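This report describes a single protein model, moving from its overall layout to its sheets, its nonpolar cores and the links between side chains. Please read it alongside the sequence and the structure shown here.

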Amino acid sequence: MSSKFLFLCLTTCLILFSMNVFGAEATEFLVGGNKNSWRIHTSPNELNEWAEKERFRIGDSLVFKYDSKIDSVLRVDEEDYKKCNKSNPSKSYNDGNTKIKLDEAGPFFFISGANGNCEKGEKLEVKVLSQKHAGSIGGPSPSQAPKPSPKVLPRPVLTPANAPPSPAITPATAPTASTASSNAWVIGVSTMAVMATLFVVAMV
């Protein structure tokens with residue numbers, strides 16, 4: 001009985017850990033943050049300044065929106081990115097609504113296929129975090145400054161005579177619909193997995 005109980009505990013922990021690591025949904029990023037942002041901007045670094053504020057993970061996607069009659073998207077290596085060389089792209093897109101999946105960790109380089117646009121700043125470098133460096137799946141992006149932790153003061157020893165009344169319990173803030181839906185999905189799948197494990201153990 002003890003060996004079965006130990007097996008059950010270990011299996012449950014592995015299932016829950018896997019759900020926490022891989023259960024997060026991928027994110028689609030609209031390049032530049034606005035519609036038709038794949039174009040020449042007033043500031044030549046505007047697209048990369050946007051990218052530096054975001055956190056990209058494996059499985060996320062970039063969505064480029066642009067006028068396909070006058071522009072395109074080229075994926076290039078770092079050297080061609082720096083030189084704005086359009087002659088040897090690894091991939092080329094010109095559909096006006098390009099979706100590119102970030103399927104590996106490391107840098108991705110994109111330039112405009114229109115003559116002269118890359119030289120004027122229509123280029124983008126995206127750095128995709130590895131699972132090791134991505135941190136918590138639900139953590140904030142670098143552009144979101146974390147709130148400082150409250151200062152913890154030593155707790156005084158109280159006797160029954162001078163102990164203050166217990167503070168009223170404030171209800172926790174209700175989660176948003178997307179968070180609740182995601183949590184429900186994780187809990188549901190985890191519950192089914194645990195039930196299946198219990199059934200297998202019971203049959204042994």
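## Overall layout

The protein has four helices and eight strands, where helices (H or I, at least four residues) and strands (E, at least two) are DSSP runs numbered from the N terminus. Read along the sequence, these elements follow the pattern α-β-α-β-β-β-α-β-β-β-β-α. The model is predicted, so that local features need pLDDT of at least 70 and side-chain atom pairs count only at pLDDT 80 or more, while totals for chains, interfaces and linings use all residues. Residues are numbered from 1 along each chain as its sequence is written, and side-chain values use heavy atoms, with hydrogens and water left out.

Of the 204 residues of the protein, 29% count as buried; buried means under 20% relative accessible area, exposed over 50%, and partly exposed in between, with a 1.4 Å probe and protein chains only. Among the contacts with a separation of 6 or more, 75% come from residues 24 or more positions apart, a contact being heavy atoms within 4.5 Å.

## Strand pairing

Five strands form an open sheet of mixed pairing, in the order β2-β8-β7-β4-β5, and two strands are taken to pair if DSSP finds at least two bridges between them. The edge strands are β2 (56-57) and β5 (91-93), each of which pairs on one side only. Strand β4 (residues 73-76) pairs with β5 in the antiparallel sense over three bridges, and Val73 has Tyr93 of β5 as its bridge partner.

Strands β3 and β6 also run antiparallel and are joined by five bridges, with Val63 standing opposite Lys99 in β6. In a regular strand the side chains alternate between the two faces of the sheet.

## Nonpolar cores

The largest nonpolar core has 19 residues, and those with the most contacts inside it are Trp38, Phe56, Leu62, Phe64, Phe110 and Leu124; a core of this kind is a set of buried Ala, Val, Leu, Ile, Met, Phe, Trp, Tyr and Cys residues joined through side-chain atoms within 4.5 Å. The elements that give two or more residues to this core are α2 (46-52), β3 (61-65), β7 (106-112) and β8 (123-129). Apart from this core lies another, of seven residues, among them Leu74, Val76, Phe109 and Ile111.

Leaving aside neighbours within four places in sequence, Leu124 is in contact with a set of residues that includes Val31, Trp38, Leu47, Trp50, Leu62, Phe64, Tyr81 and Phe110.

## The disulfide and its surroundings

The structure holds one disulfide, defined as a pair of cysteine sulfur atoms within 2.5 Å. The bond is formed by Cys84 and Cys118, with their sulfur atoms 2.1 Å apart, and it is left-handed, with -70° about the S-S bond. This pair links distant parts of the chain, since Cys84 is in the loop between α3 and β5 and Cys118 in the loop between β7 and β8, 34 residues apart. Cys84 counts as buried at 10% relative accessibility, and Cys118 is buried with a relative accessible area of 3%.

Asn117, also found in the loop between β7 and β8, is buried with a relative accessible area of 14%. Not counting residues up to four places away in sequence, Asn117 touches Ile40, Asp71, Ser112 and Glu122.

## Charged side chains

The count of salt bridges comes to four, each being a side-chain nitrogen of Lys or Arg within 4 Å of a carboxyl oxygen of Asp or Glu. In one of them, Glu28 is joined to Lys99, the closest N and O atoms being 2.5 Å apart; Glu28 lies in strand β1 (residues 28-30) and Lys99 in strand β6, so the pair ties together parts that are 71 residues apart in sequence. Both Glu28 and Lys99 are exposed.

Helix α3 (residues 78-83) contains Asp80, which is buried yet has no salt bridge, the nearest side chain of opposite charge being Lys83 at 6.4 Å; here Lys and Arg count as positive and Asp and Glu as negative, while His and the chain ends are not counted. Lys83 instead forms a salt bridge with Glu79, the closest N and O atoms being 3.1 Å apart.
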